[in-house]
Amino acid sequence: MARPGELGEGEKERWRALRAATETPRNPFMEPEFTEAVGLVRPQARVAVVYEGLEPAGFLPHERGPLGQGRAIGLGVSDAQGAILRPGLHPGTGELLRACALSSFAFDNLEAGQRLFVRYAAEEHATYVIDVEKGYETYESVLRAQSPKFLKTTLAKERRLGRQVGDLRFVFDERDPAALRTLMAWKSAQYRRTGRRDRFAREWITRLVGRLAQTRAPECSGTLSVLYAGRRPLAAHFGLRSASVLACWFPAYDPEFAKYSPGLVLHLRMAEAAAAEGIGMLDLGRGAAEYKDALKTGELPVYEGAVARPGAGAALHWLSREPARRAHSFVRARPRLASLAARALKGAARLRRT
């Protein structure tokens, strides 16, 4: 057992080699750099290392809470979770939890192919993806076939935005800290406007994003993309990229320009730039949204649930998470109820602002 920052370079190289050997997309949330960044802002972050002889054969990044309650590293903000194991290695789940002194292990974005934990999933969700493996022109032709009205309207708004607001400029990898602060301010306002919990009001998340914005590694780099009109930012996104996957994370835009749909324009330019960089997939994350339905070319499964060993810690995990998870699942499965809930959240947010 080690803190993320205690892993040696040899162990991290082995971690990367194990990820390269899997058939799943090389999501940057599953790389050691993400776990290291979480370890700098979450003191309870740990990594279990499974050895075969003297060689590491597996890693389980996690956070340990009261009574040994475990959770996926960065749970709540991480969009890909699970163990990193040598192909063919299948340790006993109970044995692994016991070695980690964990009474339970919770996950909400377990990636497909995680045989160790997927059988304990309570729900399967879709994460929406954009395939640009064959280039942006091919992707745009797919959009033209499956969402012709959406593409035509968005491109027309992009042209109108350029004419009426100012010459458009897109930066795929913006390094200006002021642009990141602007994005976080927009996103905080969006959370409050829609009645959702403001993630950037939590200090550890703000610090984590700041750390990752400075991270530059081949398979995990913080990437801030910004759409400008002249020098004025209109929309921005911060996410993580590997050599093959851009994990979309925090998109937002200036609501003053909402009628131009700058967030959609931004995503099209991100797809174009990602393809030019050799990235084959944009992962838009789980959670239904109209813009994802319009942009996506496919879906991948992710899983939510927990595995627990018998005892007080397992009971505490159930009481702290299961009732809320089941209530959310009940609402999500009923579109009319979900719509009513969303309107209620927005109404509550408006009341708080008055």
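Below are some questions and answers about this structure.

This is a predicted model, in which local features need pLDDT of at least 70 and side-chain atom pairs count only at pLDDT 80 or more, while totals for chains, interfaces and linings use all residues. Residues are numbered from 1 along each chain as its sequence is written, and side-chain values use heavy atoms, with hydrogens and water left out.

Q: How many disulfides does the count come to?
A: A disulfide is a covalent bond between the sulfur atoms of two cysteines. The rule used here asks for a pair of cysteine sulfur atoms within 2.5 Å. By this rule, the count is zero disulfides.

Q: Is Cys 248 buried or exposed?
A: Let's set the scale: buried means under 20% relative accessible area, exposed means over 50%, and partly exposed lies in between, with a 1.4 Å probe and protein chains only. Cys 220, at 0%, counts as buried. Cys 248 has 6% relative accessibility, so Cys 248 is buried.

Q: Which elements give two or more residues to the lining of the second largest pocket?
A: On a 1 Å grid over the protein atoms alone, a pocket is an open set of points where a 1.4 Å probe fits, with protein on both sides within 12 Å along at least five of seven lines; lining residues have an atom within 4 Å of a point. The second largest pocket is lined by 22 residues, and those nearest its centre are Leu 85, His 90, Gly 113, Gln 114 and Arg 115. Helices (H or I, at least four residues) and strands (E, at least two) are DSSP runs, numbered from the N terminus. The elements asked for are helix H1 (9–20) and strand E4 (84–85).

Q: What is the volume of the second largest pocket?
A: Rolling a probe the size of a water molecule over the atoms shows where empty space is left. Grid points are joined across faces, edges and corners, and a volume is the space filled by probe spheres set on the points. For the second largest pocket, that gives about 400 Å³.

Q: How many aromatic pairs does the count come to?
A: Rings of Phe, Tyr and Trp (its six-membered ring) pair if their centres lie within 6.5 Å; planes under 30 degrees apart count as stacked, over 60 as edge-to-face and the rest as tilted. By this rule, the count is 11 aromatic pairs.

Q: Which kind of aromatic pair do Phe 29 and Trp 249 form?
A: Their ring centres are 5.1 Å apart, with 85 degrees between the planes. The pair links distant parts of the chain, as Phe 29 is in the loop between H1 and helix H2 (32–41) and Trp 249 is in strand E10 (residues 245–253), 220 residues apart. Phe 29 is buried at 1% relative accessibility, and Trp 249 is buried at 9%. Their pair is edge-to-face.

Q: Which ring does the charged end of Arg 169 sit over?
A: A charge sits over a ring if NZ of Lys or CZ of Arg is within 6 Å of the ring centre and within 35 degrees of the ring normal. Arg 169 is in strand E7 (residues 168–171) and is partly exposed, with a relative accessible area of 39%. Its charged end is 4.2 Å from the centre of a ring, that of Tyr 228.

Q: Is Leu 67 buried or exposed?
A: Leu 67 lies in the loop between strand E2 (55–64) and strand E3 (69–72). Most residues other than glycine have a negative phi. Leu 67 is not a glycine, yet has a positive phi of about 55 degrees. Its relative accessible area is 56%, so Leu 67 is exposed.

Q: What distance separates the C-alpha atoms of Leu 116 and Gly 92?
A: Leu 116 is in the loop between strand E5 (104–111) and strand E6 (121–131). At 6% relative accessibility, this leucine is buried. Along the chain, Leu 116 and Gly 92 are 24 residues apart, while their C-alpha atoms are separated by 7.8 Å.

Q: How far apart in space are Ser 225 and Gly 239, C-alpha to C-alpha?
A: Ser 225 lies in strand E8 (residues 221–229). Ser 225 is buried, with a relative accessible area of 1%. In sequence, Ser 225 and Gly 239 are 14 residues apart, and in space their C-alpha distance is 8.5 Å.
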